[in-house]
Amino acid sequence: MKLLLLFVCIGLSSAQFNPNTRAGRTTIVHLFEWRWDDIAAECERFLGPNGFGGVQVSPVNDHIVLNDPWRPWWQRYQPISYKLCSRSGNEQQFRDMVTRCNNVGVYIYVDAIINHMCGQGGGTGTHSSCGSYFNAGARDFPSVPYSNWDFNDGKCRTGSGEIENYNDAYQVRDCRLVGLLDLALEKDYVRGKIADFLNNLINIGVAGFRLDAAKHMWPGDIKAITDRLNNLNTRWFPGGTRPFIFQEVIDLGGEGISFNEYTGIGRVTEFKYGARLGNIIRKWNGEKLSYVRNWGEGWGFMSSNRALVFVDNHDNQRGHGAGGASILTFWDARLYKMGVGFMLAHPYGFARIMSSFRWNRNFVNGKDVNDWIGPPSNGDGSTKSVPINADSTCGDNWVCEHRWRQIKNMAIFRNVVDGQAFTNWWDNGSNQIAFGRGNRGFIVFNNDDWYMDVTLNTGLPAGTYCDVISGQKEGSRCTGRQITVASNGNARFQISNQDEDSFAAIHVDARL
């Protein structure tokens, strides 16, 4: 009996590392600040047909609303209650989105804000997305309800009540993060309210959660909450399926809290991934692409089966969070596509693609003072819909990186090579590299400042392949360049450093 219980516990725990995507779907996309109606449509018209596994959505619950026209994106990260009405839509629209996306095999992962409520300076009144009354100064959130008994004010050891030293784990977890009212997660009542909120979302049909600010919560508290979560809705998931958990833990090394403290609960965001990759592709500090032959654990990253990886996220693309100026973003489109292409070709970690909106940057003393700007909005402050142009790109300042041909095709590449070994490595000792994924796919990068002309062993079956970076296979033709693989698996790759994209990729589903 003890042995049986042990197996059951291990099974329940390990399942929370499984993204729960449908077989053959290996990537999720963060549709940052999209409306629920637009996400539902995107699942049906683009994400499902192109093999995306899921969507990370912005926080779903009641949040503070700041005065017009100043509607910063971060107001979504200041909860007022756990009612399901936000800048992205109401509860019915959310339910409709989950149903429609699930029905086409694109699952929903909610960005869950459970560490805190709104900032202590949030005032009092009903200026929330649901119109809920609250009094931040009195720690009164009657729509949950939470009172001043439910916060960590008495536990924090700093005079300001704020985090003052990130090498002190107690401060990081018991004090306020930038003024946000820190919930006392060791209290059974608070844990119960959070679990009820998350279980409601599970019952609706979501597949898992990104736990925001996990670094600011004690691992034992997170585990106590996730242990209370229901299995996923059997309308879409097999019986006994546990919700996918991935935790935001910023750990570049040198602080008092390590990602290792959280990998037993669920996956963890590997922030070193994008920071180091940005340095390499920018060729800063003498870094070279040829160095990535042992990419992953060999670079001090967490185990691949515990890592959620990304090139950029909604924080560090704005210059804060982690990684600094090295982070690749859509503002540097040519380098960015190369970085995302590498991530989606390489087997390390579970991958998330960023899909952004554009804002007017204004740098003062090296800092973008407009990094707070919210999504494209109408005159009343409501979020604009995402228009799709005739060429499949997006309008109205929605960037939609996931729709860029190169990124969409590399998401398909990742699906095609899933489970295949990392093989046929080649490099020139500088910034030209190539590698394969078994006998299913092969990718080549030229990040040097000169022309590349090499013949390499791809490991692929003989045939004529469409490069899915310069174009793609459409019917019986290639819209971009063709690459011929000989009977011995060799192929010639010619990539100019002046090309629109300085990499090429082929896979067996792109063979003529």
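This is a predicted model: local features need pLDDT of at least 70, side-chain atom pairs count only at pLDDT 80 or more; totals for chains, interfaces and linings use all residues.
1. **H5 against H6.** Helix H5 spans residues 188-204 and helix H6 spans residues 219-226. Their axes come within 9 Å and cross at roughly 50°. That angle makes H5 oblique to H6. The crossing is right-handed. On the H5 side, Arg191, Ile194, Ala195 and Leu198 make the contact. H6 answers with Gly220, Asp221, Ala224 and Ile225. By class, the residues of this contact are five nonpolar, one polar and two charged.

2. **H7 against H8.** Helix H7 covers residues 271-282, and helix H8 covers residues 333-345. The two pack at an angle of about 125°, with their axes 10 Å apart. H7 is therefore oblique to H8. This crossing, too, is right-handed. H7 contributes Tyr273, Leu277, Ile281 and Arg282. These meet Leu335, Met338, Gly339, Phe342 and Met343 in H8. The contact of H7 with H8 has seven nonpolar residues, one polar and one charged.

3. **H8 against H9.** H8 also packs with helix H9, residues 405-416. Here the angle is about 10° and the axes are 8 Å apart. An angle under 35 degrees counts as roughly parallel, so H8 is roughly parallel to H9. From H8 the contact takes Tyr336, Lys337, Val340, Gly341, Met343, Leu344 and Ala345. From H9 it takes Gln406, Ile407, Met410, Ala411, Phe413 and Arg414. Nine of the residues in the contact of H8 with H9 are nonpolar, two are polar and two are charged.

4. **A residue in two contacts.** Met343 of H8 deserves a look. It is among the H8 residues that meet H7. Met343 is also listed in the contact of H8 with H9.

5. **The largest pocket.** Its volume is about 720 Å³. The lining comprises 24 residues. Closest to the centre are Leu177, Val178, Leu180, Asp315 and His320. By class, the lining of the largest pocket holds eleven nonpolar, seven polar and six charged residues.

6. **The cavity.** The count comes to one cavity of 30 Å³ or more. About 50 Å³ of space lies in the largest cavity. There are 13 lining residues. Asn152, Arg173, Leu183, Leu185 and Asp221 lie nearest the cavity centre.

7. **A cis peptide bond.** Which form does the peptide bond from Val144 to Pro145 take? It is cis, with omega near 0°. Pro145 sits in the loop between strand S6 (134-135) and helix H4 (169-174).

8. **A positive phi.** Glu33 has phi near 70°. That is a positive value in a residue other than glycine. Where is Glu33 found? Its place is the loop between strand S1 (27-31) and helix H2 (36-47).

9. **Points to check against the structure.** For the helices, look at the right-handed crossing of H5 and H6 and the right-handed crossing of H7 and H8. For the backbone, look at the cis bond from Val144 to Pro145 and the positive phi of Glu33. For the spaces, the lining of the largest pocket includes Asp315 and His320, while the lining of the largest cavity includes Asn152 and Arg173.

Definitions and conventions
Residues are numbered from 1 along each chain as its sequence is written. Side-chain values use heavy atoms; hydrogens and water are left out. On a 1 Å grid over the protein atoms alone, a cavity is a set of points where a 1.4 Å probe fits but cannot get out, and a pocket is an open set with protein on both sides within 12 Å along at least five of seven lines; lining residues have an atom within 4 Å of a point. Grid points are joined across faces, edges and corners, and a volume is the space filled by probe spheres set on the points. Ala, Val, Leu, Ile, Met, Phe, Trp, Tyr, Cys and Pro count as nonpolar, Asp, Glu, Lys and Arg as charged, and the others, Gly among them, as polar. Axes are lines fitted to C-alpha atoms, for helices over the stretch in contact, and angles run from 0 to 180 degrees between N-to-C directions. Helices (H or I, at least four residues) and strands (E, at least two) are DSSP runs, numbered from the N terminus. Angles under 35 degrees count as roughly parallel, over 145 as roughly antiparallel, 65 to 115 as roughly perpendicular and the rest as oblique. A crossing is left-handed if the near helix is turned anticlockwise from the far one by less than a right angle, and right-handed if clockwise. Contact means heavy atoms within 4.5 Å.
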